[in-house]
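Subject: Structure handover

Hello,

Here is the structure for your files. Please open it alongside this message; my notes follow below it.

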Amino acid sequence: MKLISPATALLVLLAPLTVSARSLPLLAPEQSPIKTADKNFPVDGDNPLTYCSDPSNNILEIQSVDLSPNPPQPGETLSIKAKGIFHERVERGAKVLLQVKYGLIRLINQEADLCEQLENNVDLECPLEEGPMTFTKQVDLPREIPPGKYSVLADVYTEDKRKITCLEANDIIFH
């Protein structure tokens with residue numbers, strides 16, 4: 001069962017080498033690349049992502065995530081390139097808690113099977129082996145994306161509740 005769309009899949013792809021992104025963009029060409037205001041734990045690369053908390057004990061060490069174009073543009077293809085290291089094998093049974101807000105309205109608040117989402121949206125299969133991984137995904141963004149402020153959270157953890165990663169993109173404004 002497909003529970004998430006391509007844009008929420010950015011965070012589902014980026015989560016375990018990121019969580020594949022759902023299209024959150026509707027930006028004028030003169031806008032600058034999106035970045036989050038919270039710089040406590042930024043994710044390296046050209047992206048709006050931060051870690052939810054100190055990532056030093058996460059199973060996934062994300063080395064970089066690059067979005068092109070950044071900011072994403074409605075009706076265009078978003079390219080997501082990610083690099084990271086799994087410090088241990090991630091088995092079936094891992095989960096992703098995904099929350100997407102449009103302003104104050106919660107559009108998505110669900111827990112899903114990580115492996116199922118990766119297999120359906122990203123062409124990756126579980127188990128995710130220990131060691132380095134690179135990932136590239138193309139996402140066609142729809143032309144009609146409502147303007148407003150979006151926030152996304154993807155909290156990814158093993159079956160026994162150990163943190164794989166947790167990523168946020170907050171207060172992203174699309175005009």
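Start with the pairing of β4 and β5: the two strands run antiparallel and are joined by eight bridges. Two strands count as paired if DSSP finds at least two bridges between them. Helices (H or I, at least four residues) and strands (E, at least two) are DSSP runs, numbered from the N terminus.

This is a predicted model, so local features need pLDDT of at least 70 and side-chain atom pairs count only at pLDDT 80 or more, while totals for chains, interfaces and linings use all residues. Residues are numbered from 1 along each chain as its sequence is written, and side-chain values use heavy atoms, with hydrogens and water left out.

**Confidence**

pLDDT is the predictor's confidence in each residue, from 0 to 100. The chain average is 82, and 76% of the residues score at least 70. Be careful with residues 1-30. There pLDDT stays under 50. The model has 146 contacts beyond four places in sequence for that stretch. Contact means heavy atoms within 4.5 Å.

**Strands**

Back to β4 and β5. K101 stands opposite R106 in β5. The hairpin has two residues between the strands, and G103 takes a positive phi near 65° there. β4 also pairs with β7, antiparallel, over eight bridges. In that pairing Q99 stands opposite L153 in β7.

There is also an open sheet of three strands. Its order is β2-β3-β6, with antiparallel pairing. β2 and β6 are the edge strands, each pairing on one side only. Neighbouring strands in this sheet are turned by 15° against each other on average, direction ignored. The axes behind that angle are lines fitted to C-alpha atoms, for helices over the stretch in contact, and angles run from 0 to 180 degrees between N-to-C directions. β3 and β6 share 10 bridges, in the antiparallel sense. A82 stands opposite F135 in β6.

**Core**

Which residues have the most contacts inside the largest nonpolar core? They are F86, V90, L114 and I164, in a core of 37 residues. The elements that give two or more residues to this core are β2 (60-68), β3 (77-86), β4 (95-102), β5 (105-113), α2 (114-121), β6 (131-140), β7 (148-157) and β8 (163-174). A nonpolar core here is a set of buried Ala, Val, Leu, Ile, Met, Phe, Trp, Tyr and Cys residues joined through side-chain atoms within 4.5 Å. Buried means under 20% relative accessible area, exposed over 50%, and partly exposed in between (1.4 Å probe, protein chains only). In soluble globular proteins, nonpolar side chains tend to be buried together.

**Disulfides**

A disulfide is a pair of cysteine sulfur atoms within 2.5 Å. By this rule there are two. In sequence order of the bonded cysteines, the pairing is 1-4, 2-3.

C52 is joined to C166, S to S 2.0 Å. The pair links distant parts of the chain: C52 is in the loop between β1 (50-51) and β2, C166 is in strand β8, and they are 114 residues apart. The torsion about the S-S bond is about -70°, so this disulfide is left-handed. C52 is partly exposed at 28% relative accessible area. C166 is buried at 7%.

C115 and C126 form a disulfide with their sulfur atoms 1.9 Å apart. C115 lies in helix α2 and C126 in the loop between α2 and β6, 11 residues apart. This link is left-handed too, with -90° about the S-S bond. Both cysteines are buried, and C115 has a relative accessible area of 0%. Leaving aside neighbours within four places in sequence, C115 is in contact with E91, R92, A94 and C126.

**Backbone points to check**

Most residues other than glycine have a negative phi, and most peptide bonds are trans. These are exceptions:

- S68 and P69 are joined by a cis peptide bond, omega about 0°. P69 is in the loop between β2 and β3.
- C126 to P127 is also cis, with omega near 5°. P127 is in the loop between α2 and β6.
- D123 is not a glycine, yet has a positive phi of about 60°. D123 is exposed, at 66% relative accessibility.
- K161 has a positive phi near 70°. K161 sits in the loop between β7 and β8 and is exposed at 58%.

Best wishes
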